[in-house]
Amino acid sequence: TTTFFFFPFPLFPFHTQHRNTRAGGEKGVCLCRHRSMKVTSHKVLLRVCTLLLALAASVARASAEAPPAIDKAFVSGLLESAKADKDFREWMLSVRRELHSKPELMYEEVETSKIIQRELKKLDIPFTSGIGKTGVIGVIGTGEEPVIALRADIDALPLEEESGVPFRSQHPGRMHACGHDIHTTMLLGAGRLLKKLESSGELGKGTIKLAFQPAEEGGAGALHIREHLKDIK
């Protein structure tokens, strides 16, 4: 059994203005209103990545006969543990801001893929890269059923960022305006916490795959991810 938990659209960060360059060179201004980065970013990152972790761990720990149920005490404990870990929070913010500053368009996410692979290596999470050119799939667990796939999209949009934040886009005409830098960071965060559960033996029997999908913005990148996972039993 494979269960996909798809990330929500931008839960996040900043009040910003960007320019959209359309076909033919026509330019327009799009005002994106998101929640305050300074106030909520680390809280949102922690809560969402911990929820994803809890969902994955709950399914992985469930028996084949019993449907998975979310253990509220387990979820609460994970969230409190993550909140208390200053290094974890700072790491997530650092990764997110690095990704935000280096946006890449669909099937061109070469540097983004390298960052993902770098962090997975640090976490000692084995992975396969080059899926749909730039996609990555990490693996945690015993290799047995149940199998769960958590997915995040990694591509940016052809927009000019005018936010003025220190970590704004370094690439003219490209911006993470749809929150994929955040989705990717949350999945890496969930992976870090899941790896801890695996190492301590708390994860139990089961396998969790971390799917970092290229080309979500109109490029049908999910087809590459799905093809790569279709042989899961």
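Which residue just after H5 takes a positive phi? Gly201 does, at about 85°. This is a predicted model. The protein has six helices and eight strands. Mean pLDDT is 77, and 68% of the residues reach 70 or more.

**Overall layout**

- Along the sequence, the elements run β-β-β-α-α-α-α-β-β-β-β-α-β-α.
- The protein has 233 residues, and 50% of them count as buried.
- Take the contacts between residues at least 6 apart in sequence: 74% of these join residues at least 24 apart.

**Confidence**

- Among the elements, helix H4 (residues 110-122) has the highest mean pLDDT, 98.
- Strand E3 (residues 27-33) has the lowest, 37.
- Over residues 1-40 the pLDDT is below 50. This stretch still has 108 contacts in the model beyond near neighbours in sequence.
- Where pLDDT is low, predicted coordinates should not be read in detail.

- H3 covers residues 86-101, which makes 16 residues.
- From first C-alpha to last, H3 reaches 23 Å, close to the 22 Å expected at 1.5 Å a residue.
- At the start of H3, a side-chain oxygen of Asp85 comes to within 3.1 Å of the backbone nitrogen of Asp87.
- The buried residues of H3 include Phe88, Trp91, Met92, Leu93 and Val95.
- Helix H2 (residues 72-84) packs against H3 at an angle of about 80°, and the two axes are 5 Å apart.
- That angle makes H2 roughly perpendicular to H3.
- H2 contributes Ala82, Lys83 and Ala84 to the contact. H3 contributes Lys86, Phe88 and Arg89.

**Ser101, in H3**

- Ser101 lies in helix H3. Its relative accessible area is 7%, so Ser101 is buried.
- A polar atom of the Ser101 side chain lies 2.8 Å from the backbone oxygen of Glu98.
- Leaving out residues up to four places away in sequence, Ser101 touches Phe167, Arg168, Ser169, Gln170 and His171.
- Ser101 and Arg168 are 67 residues apart in sequence, yet their C-alpha atoms are 5.1 Å apart in space.

**Helix H5**

- H5 has 21 residues. Its span from first C-alpha to last is 30 Å, close to the 30 Å expected at 1.5 Å a residue.
- Of those 21 residues, 17 are buried, so H5 is largely enclosed by the rest of the structure.

- Ser163 sits in the loop between strand E7 (159-161) and helix H5 (180-200).
- Is Ser163 buried or exposed? Ser163 is buried, because its relative accessible area of 18% is under the 20% cut-off.
- The side chains of Ser163 and Glu161 are joined by a polar contact of 2.6 Å.
- A polar atom of the Ser163 side chain also lies 3.3 Å from the backbone nitrogen of Val165.

**Backbone exceptions**

- Most residues other than glycine have a negative phi, and most peptide bonds are trans.
- Tyr107 has a positive phi, near 65°, and is not a glycine. Tyr107 is placed in the loop between H3 and H4. At a relative accessible area of 23%, Tyr107 is partly exposed.
- Asp124 also has a positive phi, of about 60°, although it is not a glycine. Asp124 is placed in the loop between H4 and strand E4 (127-131). Its relative accessibility is 57%, so Asp124 counts as exposed.
- Which residues does a cis peptide bond join? Glu145 and Pro146 are the pair, with omega about -5°.
- Pro146 lies in the loop between strand E5 (135-141) and strand E6 (147-153).

How values were computed:
Residues numbered from 1 in each chain as written. Heavy atoms only, no water. Helix = DSSP H or I, 4+ residues; strand = E, 2+ residues; numbered from the N terminus. Expected span 1.5 Å × (residues − 1). Buried < 20%, exposed > 50% of the residue type's maximum accessible area, 1.4 Å probe, protein only. Polar contact = N/O pair within 3.5 Å; in protein donor to acceptor, adjacent residues only side chain to side chain. pLDDT = per-residue confidence, 0-100. Contact = heavy atoms within 4.5 Å. Axes fitted to C-alpha atoms, helices over the stretch in contact; angles between N-to-C directions. Parallel < 35°, antiparallel > 145°, perpendicular 65-115°, else oblique.
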